[in-house]
Amino acid sequence: ELEPYGTLALTAVRRDGTSFPAEVTLAALDTEDGPLLSIGIRDVTERTESEKALARGAQQLQAVVDNAPALIWMLDREGRYVLVNRQFEAVRRVSRDEIVGMTAAEVFGDAVDEDMSARDLEPLTAGRAIEGEEVLFLDGEPHWYISLRFPLHDAAGHVYAVCGILTDVTERIEAEAQRQALAGQLQQSQRLESLGQLAGGVAHDFNNLLTVIINYSDFVLEA
């Protein structure tokens, strides 16, 4: 009976001098003549290339979301952060190292209300993308956002996570306020109305980003 010693990863060389990544398995075999050492060598080139492609895909996804001006995050079904981008870190003043694996309530405490948590997880139960408008107070100042939250499905069609994107349109709202108001500032309700009118125009900015995220998620599931 073989008693495995372990597995090693190394670079092997073929007879023609070319090298390839190999997985070497060592095991002991008891025989009448004494113990023998069994060595198995497996060419893992295809698996190694798949792992490299997956790593490149992950780097490309992170590069896309990190360079996007919007706040982007991903939550699992329990509402725990799986991914956040650089803009999220900057605006929310947290690092991805301290937020991944935690819920919004655990990270932000009293700054997160039940309505916000419900909005974040609503696509999980709805099974579809949900658009909206939101106001965040940063350093005491209101910032107006177009929001988009959408579910991510696995190969079987089950929802396993939700992705959220917030795009700051405060400058557009303020410009609209200046254009419309003859004196003073628009009331918040008027600004939100203007925000709703802008939603359609901003939505198309998400398309390329959503395609990258969804395609990469499918790639990860199939790998």
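1. In the hairpin of β7 and β8, which residue takes a positive phi? Gly-157 does, with phi near 90°, and five residues lie between the two strands. Helices (H or I, at least four residues) and strands (E, at least two) are DSSP runs, numbered from the N terminus.

2. Ground rules. This is a predicted model, where local features need pLDDT of at least 70, side-chain atom pairs count only at pLDDT 80 or more, and totals for chains, interfaces and linings use all residues. Residues are numbered from 1 along each chain as its sequence is written, and side-chain values use heavy atoms, with hydrogens and water left out.

3. The sheet. Five strands form an open sheet in the order β5-β4-β8-β7-β6, with antiparallel pairing. Two strands pair if DSSP finds at least two bridges between them. β5 and β6 stand at the edges, each with a single partner strand, so one side of each has no neighbour in the sheet. The twist averages 25° from one strand to the next. Axes are lines fitted to C-alpha atoms, for helices over the stretch in contact; angles run from 0 to 180 degrees between N-to-C directions.

4. β6 and β7 (residues 141-153) run antiparallel and are joined by nine bridges. Ile-130 stands opposite Arg-149 in β7. The hairpin of β6 and β7 has two residues between the strands, and Asp-139 in the turn has a positive phi of about 55°. β7 and β8 also pair in the antiparallel sense, over nine bridges. Here Arg-149 has Gly-164 of β8 as its bridge partner. Phe-150 is bridged to Cys-163 in β8. Helix α6 (residues 170-180) packs on the sheet and touches β7 and β8; its direction makes about 135° with that of β7. Contact means heavy atoms within 4.5 Å.

5. Faces of β6. The covered face holds Ile-130, Gly-132, Glu-134, Leu-136 and Leu-138. The uncovered face holds Glu-131, Glu-133, Val-135 and Phe-137.

6. Ala-129. This residue is found in the loop between α5 (114-126) and β6. Ala-129 counts as partly exposed because its relative accessibility is 42%. The scale: buried is under 20% relative accessible area, exposed is over 50%, and partly exposed is in between (1.4 Å probe, protein chains only). Not counting residues up to four places away in sequence, Ala-129 touches Leu-148, Arg-149, Phe-150 and Pro-151. Its C-alpha atom is separated by 9.5 Å from that of Gly-164, 35 residues apart along the chain.

7. Cores. The largest nonpolar core has 18 residues. Those with the most contacts inside it are Leu-71, Trp-73, Tyr-81, Phe-88, Ile-99, Phe-108 and Tyr-145. Two or more residues each come from β4 (71-76), β5 (81-84), α2 (86-92), α4 (104-108), β6 (130-138) and β8 (159-168). A second, separate core of 13 residues includes Val-65, Ile-72, Phe-150 and Leu-152. A nonpolar core is a set of buried Ala, Val, Leu, Ile, Met, Phe, Trp, Tyr and Cys residues joined through side-chain atoms within 4.5 Å.

8. Phe-88 and the aromatics. Leaving aside neighbours within four places in sequence, Phe-88 is in contact with Leu-71, Ile-72, Trp-73, Tyr-81, Arg-93, Val-94, Ile-99 and Phe-108. Rings of Phe, Tyr and Trp (its six-membered ring) pair if their centres lie within 6.5 Å; planes under 30 degrees apart count as stacked, over 60 as edge-to-face and the rest as tilted. The count comes to two aromatic pairs. Trp-73 and Phe-88 form a tilted pair, 5.9 Å centre to centre and 55° between the planes. This pair links distant parts of the chain: Trp-73 in strand β4 and Phe-88 in helix α2, 15 residues apart. Both Trp-73 and Phe-88 are buried. Trp-73, Tyr-81 and Phe-88 form one aromatic cluster.

9. β2 (residues 19-31) and β3 (residues 34-43) pair in the antiparallel sense over ten bridges. Two residues lie between them in the hairpin. Asp-30 stands opposite Pro-35 in β3. Helix α1 (residues 45-67) has 23 residues; at 1.5 Å a residue it should span 33 Å, which agrees with its end C-alpha atoms being 33 Å apart. The expected span is 1.5 Å times one less than the number of residues. Thr-48, Gly-57, Leu-61, Val-65 and Asp-66 are buried in α1.
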